[in-house]
Every structure is written in structure tokens, then in C-alpha cells.
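Reader: I have a structure open and a few things to ask about it. Can you go through it with me?
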Amino acid sequence: MSAAELELYHGLASTCSKKVRLCLFEKGLPFKSRLLDLQKFEQHEPEYLALNPNGVVPTLVHGGRPIIESSIIIEYIDETFPETPLKPTDTYGRAMMRLWTKYSDDVAYKAVYVPTWHKLRSRAAAGLSAKELDKTLSRVPSGERRERWEKMAQGGYSEKELEEAYAKMRACLDRVESGLDRSPWLAGESYSLADIAMIPFIDRIRNLRPDFLPEGDYPRLLDWYGRLSSRPAFRKAFQFTDDPRARELPNL
């Protein structure tokens, strides 16, 4: 199958969508953009749920076959299109890379979602006030995500919940800083899927809480961020403007 058969269902400001877009642009792979408006619950429409039963973005469709979960998608892309490889060449480096992709899913994502949703609570509440709210929420496959939308309608997260999330965000920053103590990139001497997996979450932390990254506190992380954000693929992935109608979240 060729790259011409790639379709990406994604959200404009979704961190996990940025991860996949960054990988595609680093590879120079053309893809058909299927940008979903998440505030209008397009990710819960029956047509999309047939591709991704979890009702979340992104989903990559290649030759008519869907691949879900962003960390799995980026490894699929790298293996399917091995030109411009994005994995370390040694087995230890690849093991470290996979630890970082797992960390991005298990820790980094959970660190940023509470402050992100809380910041957008007024827009979320407006979306939940629609006439067919109950019908819309009933299509959300995940009970956890249904609870998040309901919480937004009730005013958002408590100060305690926000402080717990901020502590996780600081832990992510510390982890990346220490992860760069022996090499310029997270999984060794070369830029890899480890860096692609983590940068959307560090970028989100930087935008939500710039005060967490004062000059001098994270010199290695800030140098890494500067090198990564200056790459042409980063700008294409993070400032994606394919479809101006779908502004489901501000580009935090």
C-alpha cells in the first residue's frame, strides 16, 4: 500500500493528533485530512465509531484499514514507511524509545487533560447545553469521558484536582530534563519517536503554565524544545490549518 492511501481523522488541538501529524510530516508523507470538530461531538458519530470504537482521535486509515492509539500509529507509520527512520538502530535505544511512548500515554496525557478541560469549561458547558445533550452523551463510549463532559457542565475541576494535575505536569518536566542528561534526544543520539511522543505534552504544559518553565530551571529541556520546535515538521503539525471550520479547542 502506498502513502497516497493515508487518511488521518484528527482534532486540531488534540495533543495525540499533533503527535501523529508530526510523525507524518517528519516522514514527508502526504495524507488526506479528515479534521473532526470535537466540540460538536463528531468523534461520536456512528460513521467514526465504526473506525474507532473508543470515540477518540486520532485514527489513521491506510488502504481502508483503521489503526488507532497514537503511539501505535506512529510506530506503524515508521515501520510501514522506513525511509527517514525514526527509531534508534540499537535494541536498547528502541527499548528506551518505547518507554517514552508508553510514558506519554500513561503519564503525560493524564497530566495535561485536567487543566486543559478546565480551561475550556465555559465552551464545554455551552456544548453540553444543546437540546439533545442526553442523546449526544449516550453515544460517548467511555464512561470516564462522559463524566468529564458532565463535570464541565457543572463548573469544571476543583482546586485540589487542579493542584494534583500541576504536580504531575512538573513531574513530566523533571522526567524529560533528567532524560536528556546523557544524550541530545530522549532515546539516545538521534531524534526518534520518543521525542515525537513527548513534545505535544511538553508544549501543552508550556502553554498552560509558562511559569513552570522559567529560564534556568530546565536548561536541557528548553534546549531540546527549541531544537524540536524549530523543525519545519513541527510548525506544520502544530499550526495545522487544513480546515478553518473545525476550531474545537484553542491551540493551547
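Reader: Is the crossing of α4 and α8 left-handed or right-handed?
Author: This is a predicted model, and in it the crossing of α4 and α8 is left-handed.

Reader: At roughly what angle do their axes cross, and within what distance do they come?
Author: The axes of α4 (residues 91-119) and α8 (residues 159-179) cross at roughly 145° and come within 9 Å.

Reader: Which residues meet there?
Author: From α4, the residues include Trp-100, Tyr-103, Val-107 and His-118. On the α8 side, Leu-162, Tyr-166, Met-169, Arg-175 and Val-176 are among them. The contact divides into 14 nonpolar, two polar and three charged residues.

Reader: What else does Val-176 touch, leaving out residues up to four places away in sequence?
Author: On that count, Val-176 touches Trp-100, Leu-186, Met-198, Ile-202, Leu-221 and Trp-224. Val-176 is also one of the residues that touch the most other members of the largest nonpolar core, which has 63 residues. Leu-22 and Ile-77 are on that list too.

Reader: Which elements supply at least two residues of this core?
Author: Among them are strand β1 (6-10) and the helices α1 (15-27), α3 (70-80), α4, α8 and α9 (193-208).

Reader: Changing topic. What is the strand order in the sheet?
Author: The order is β2-β1-β3-β4, in an open sheet of four strands with mixed pairing. The twist averages 20° from one strand to the next.

Reader: Why is one side of β2 and of β4 left without a neighbour in the sheet?
Author: β2 (32-35) and β4 (65-68) are at the edges and have a single partner strand each, so one side of each has no neighbour in the sheet.

Reader: Do β3 and β4 run parallel or antiparallel?
Author: Antiparallel, with four bridges joining β3 (residues 59-62) to β4. In one of these strands, β4, Pro-66 is the bridge partner of Val-61.

Reader: Is the peptide bond from Val-57 to Pro-58 cis or trans?
Author: That bond is cis, with omega near 5°. Pro-58 sits in the loop between α2 (46-49) and β3.

Reader: Where is Glu-69 found, and what is its phi?
Author: Glu-69 is in the loop between β4 and α3. Its phi is near 75°, a positive value in a residue other than glycine. Glu-69 is partly exposed, at a relative accessible area of 41%.

Definitions and conventions:
Residues numbered from 1 in each chain as written. Predicted model: local features only at pLDDT ≥ 70, side-chain atom pairs only at ≥ 80, totals over all residues. Heavy atoms only, no water. Axes fitted to C-alpha atoms, helices over the stretch in contact; angles between N-to-C directions. Left-handed = near helix turned anticlockwise from the far one by under 90°. Contact = heavy atoms within 4.5 Å. Nonpolar A, V, L, I, M, F, W, Y, C, P; charged D, E, K, R; others polar. Pairing = 2+ DSSP bridges. Core = buried A, V, L, I, M, F, W, Y, C linked by side-chain atoms within 4.5 Å. Buried < 20%, exposed > 50% of the residue type's maximum accessible area, 1.4 Å probe, protein only.
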